Structure formats: C-alpha cells, structure tokens
Amino acid sequence: MSTTTISTKALEITEREKQRYAQMTPGSQAATERAKKVLPLGVASNFQFFDPHPIVAARASGSRLYDVDGNEFVDYNMGYGSLFAGHSNPIMVEAITKQAAEGTLYTTPSVLIAEVAEALCERFPFEMVRFTNSGTESTMDAIRLARGYTGREKIIKLEGGYHGHHDLVMMSVRPPLEEAGPEDRPNTVPYYGGITKGTATEVVVIPFNDLAALEQAFAENAGEVAAFILEPVPENMGIVLPDEGYLAAAKEICHKHGALIIFDEVKTGITSNWGGAAAVYGVAPDLSCLAKSIGGGVPIGAFGGSREIMGKIADWTVAHQGTFNGNPLVTAASLAVLTKICTPDATAAAIARNDRLIAGCQAIIDDTGLPAHTVKLGAKGCVTYVPERVRTYRDYKKTDFELAYAHWIYMMSHGIFLPPGLDEQWLVSVLHSEEDIDRHLTVFEGFVREVTS
Ligand SMILES: Cc1ncc(COP(=O)(O)O)c(C=O)c1O
C-alpha cells in the first residue's frame, strides 16, 4: 500500500468523519458558540479547544464520558492523563463528600497534609515534599528551588518538552522547524507571545537522548546552569522512551557541573508505575514534580526532593506559598487515590490491560502494514504515525499528522475519546474494563483496515 494511497484515504475518512462528528454533536457546537461570546475560543484553557469543536461534557463516570447530546464515549483522554483513578471513583467521591462537609479550606495545617506527604515519600525517591495546585506550579516552584539551592540562574530543557504555562518553560514547546535552528543545538523559541526575550536567554534548549548536546550546553554556560528539567519519558510528543542509560548518564553530567536534575513526573507519576518513571528506570532525580493523577481529578500538585534541598524552603532561602496549597478537599482526594484506589495491585492490573491494548493495536498495524507503531509506558500508550522509533522532537515532527488526525476523528465519531492535540497519549485507568479495551481495538481495526484497504 503506497503512502500516497493511504494519504488520499486518510483525507476521505477525515472529511466523512468530521461530518459524522458534526451530526452527532450539535449540542456541543451550540454550547461552544455560546461560550465563545464570553471566553476566548469558548474554552477555559487553549488545550481544550480542538477542530471542529470540542465535546461539551454533561457528566462522566468510571471510564465513560457523556456529552450534552447524550453521546457516550469510552474516555481514553482521562483529563489529559489526570484520571488514573477513573472518573468520580466512588472511593474518592466518598472521601471528598465527607471532607466537603467538614471544611474545604483551613489555611492552617490539617493532619491530611502529612498523611499525603508520607504516601508520596513512600512511592517516590524524595524525603520531603510541598504541595501546589497544578503541574505548572510544581515545575515553577521546583525550578525556583533549584535556582535558590545552586545560586545559579539558567535552566536546560528539552526541545518539544512541555512543563506547564509559566514563562520560563514556555520555550521550544512546539517550535516551527524554520525557527528551531540546528538539530544538535536548537534555538530557544518562545511558545507564542507575551514572553520576554530576557526570559529566553535564561533557557538552554537541547534535544532528548543526546548526551553530547547536554555536555555542550554545560560547557557553553559554565557555572550558570541551576538545573536540567525533563520528563524522564517525554509524553508531550506521543511517548518518547529514553535510550538505555540516558537518564543515569544525564544525572551524572548534571552533577559533574554542579547542577540539579529535575524529573517532571506530572504525567508519568503514578501512571507509569507505582513509583513513577524514576522507579521504572531506577534513576532518582534531585527534584520530582507531580500533579494530574495524584489528585484523581481534583487540582493538586507537589514537588519533592532530599531533606537538604527542601531544607532551603525550611530555612527561608527560597519562598514557597499558596492559599490553596494542601487544602483539605484535595488532600482528602489524593490520600484516597494514593492509598486506597491506585494500589500496587490496581496499578499492575491497569498496566496489564494497557499491555493488551497496545499488543492488539500493534498486531493490527503489523497485519496491515500501516506506517505507524505503538509506544507504551505503564498504563499509557499511543500510536505514533511514523514507522521508526521517535527519539527526539525532530523525529516526532516527521509524524504524518493528516493520518494521525484521521485516526483521531474516526475514533471520536465512533465513541472512543482519544486526547485531542495528536501529541498526547491514551490512559487506561483502574476503572477501564476488558470490554473497554475490546471496544477500542474493534474501532481501531475498523479505521486501519479502511485506511489501508
Ligand atoms: C509534563 C507536564 N508538566 C506540567 C504540566 C502542567 O500541568 P498543569 O496543566 O496541571 O499546570 C503538564 C500538563 O499537561 C505536563 O504534561
């Protein structure tokens, strides 16, 4: 099957399925039009907007999401990977319902903060932790702490890496190739407007899986780099696995140059393994950032490190605050998630279901010769529309995005809610069933057979 034929088929499928999507979602379209009058793009975050219009949700439960038109979706977006516990997991609902009646905000400590901190310290390679309200805040605070600890100002980040929406990390998130510069020494490209040129000078951008580029970044900025921040497994360009030994070697290079290594485990956190990607790869970072799934659907984040590094907050070298940090509502939710819902057994079972989904998708790809491959990490997975393994952002940019979009819209219009944006991955939660996996495989096979026929 030639790639031209597949492209033609993909465009045909896209046209047809867009119409089908529009026919099944008039209520979502109308609700979006109404919202557009009072909210830019009609959404609360740019990432919620997608073409032709987003699904406007009415309710969700377990693995299912229902829209205002009454359509039922098997949700594999799961709040962009925030709902490993499933939608409104009954154990979490019970915990927050009880807590809501007993106070949602004290702004003085509750016992819950130590309980959740202990649960996190048990899983992740840190001794102390502080709470935030989002992944953005977790990476922002971890970077500030790294700067305060080292007394240095610059950071190194990956091309194609996303760490939230504070200015310092809004660099080279999706740089257009014509602005991106050389592959082994990329330019620092601000992600849209409103970010100062001065901020860009504080960020050195390197490709993933390239230790020589990391060494060079340190050599060119000797004595100035506070930290290298990265997702140990980048999950904002599909799923990109590190080369064997890359993470351990990167940590060694950072330490050789007096800098810290920060793992952004906002996505990989409890979804990749009970102890996160740090446990999968056996590499402990100096600081870890968490959010998304540790809250089971409510906004809580955290960052943690050694007693020595976190001590810079205790001795007031570095400030860390926030009115809603560690509030009882979200800590009650998080405690339920960490200790009662996403247990080692439940985590392993969800990962096993994802393994079956991945294996099934890969078998369909192999059988049809679709120019794509599957990638997985723990309970997450994706189909990447390039035949070869992706190691860097530049590899990822070789994706056949038309084919990827045809896949996405086909799945949506057949009731499988995959994350919009094409650079994300699905999540199998602890509440997804074997039947959900079968449904996903059946719809995927329908798409692949048609596009390759
Ligand atoms: C790796 C990573 N870090 C940080 C963030 C920011 O998290 P939040 O959206 O909760 O601010 C995200 C969000 O998608 C993320 O994927």
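1. Start with Lys-292. One of its polar side-chain atoms sits 3.0 Å from an oxygen atom of the ligand. That is a polar contact (a pair of N or O atoms within 3.5 Å; within protein, one must be able to donate a hydrogen and the other to accept it, and residues adjacent in sequence count only if both atoms are side-chain atoms). Taken alone, the ligand exposes 390 Å², and the protein buries 85% of that. Accessible areas come from the Shrake-Rupley method with a 1.4 Å probe; for residues, only the protein chains shown count as cover.

2. A note on the source. This is a predicted model, in which local features need pLDDT of at least 70 and side-chain atom pairs count only at pLDDT 80 or more, while totals for chains, interfaces and linings use all residues. Residues are numbered from 1 along each chain as its sequence is written, and side-chain values use heavy atoms, with hydrogens and water left out.

3. Two further polar contacts reach the ligand. Thr-136 places a polar side-chain atom 2.5 Å from a ligand oxygen atom. Gly-135 uses its backbone: a polar atom there is 2.9 Å from an oxygen atom of the ligand.

4. The shell around the ligand also deserves a look. Its residues include Ser-134, Tyr-162, His-163, Glu-231, Asp-264 and Lys-267. By class, the shell has two nonpolar, six polar and four charged residues. Ala, Val, Leu, Ile, Met, Phe, Trp, Tyr, Cys and Pro count as nonpolar, Asp, Glu, Lys and Arg as charged, and the others, Gly among them, as polar.

5. Next, a helix pair. The axes of α1 (residues 3-24) and α18 (residues 434-452) come within 8 Å and cross at roughly 130 degrees. The two helices are therefore oblique to each other. Angles under 35 degrees count as roughly parallel, over 145 as roughly antiparallel, 65 to 115 as roughly perpendicular and the rest as oblique.

6. In α1, Ile-6, Lys-9, Ala-10, Ile-13 and Arg-16 meet Phe-447, Glu-450, Val-451 and Thr-452 of α18. Contact means heavy atoms within 4.5 Å.

Conventions:
Near = heavy atom within 4 Å. Axes fitted to C-alpha atoms, helices over the stretch in contact; angles between N-to-C directions. Helix = DSSP H or I, 4+ residues; strand = E, 2+ residues; numbered from the N terminus.
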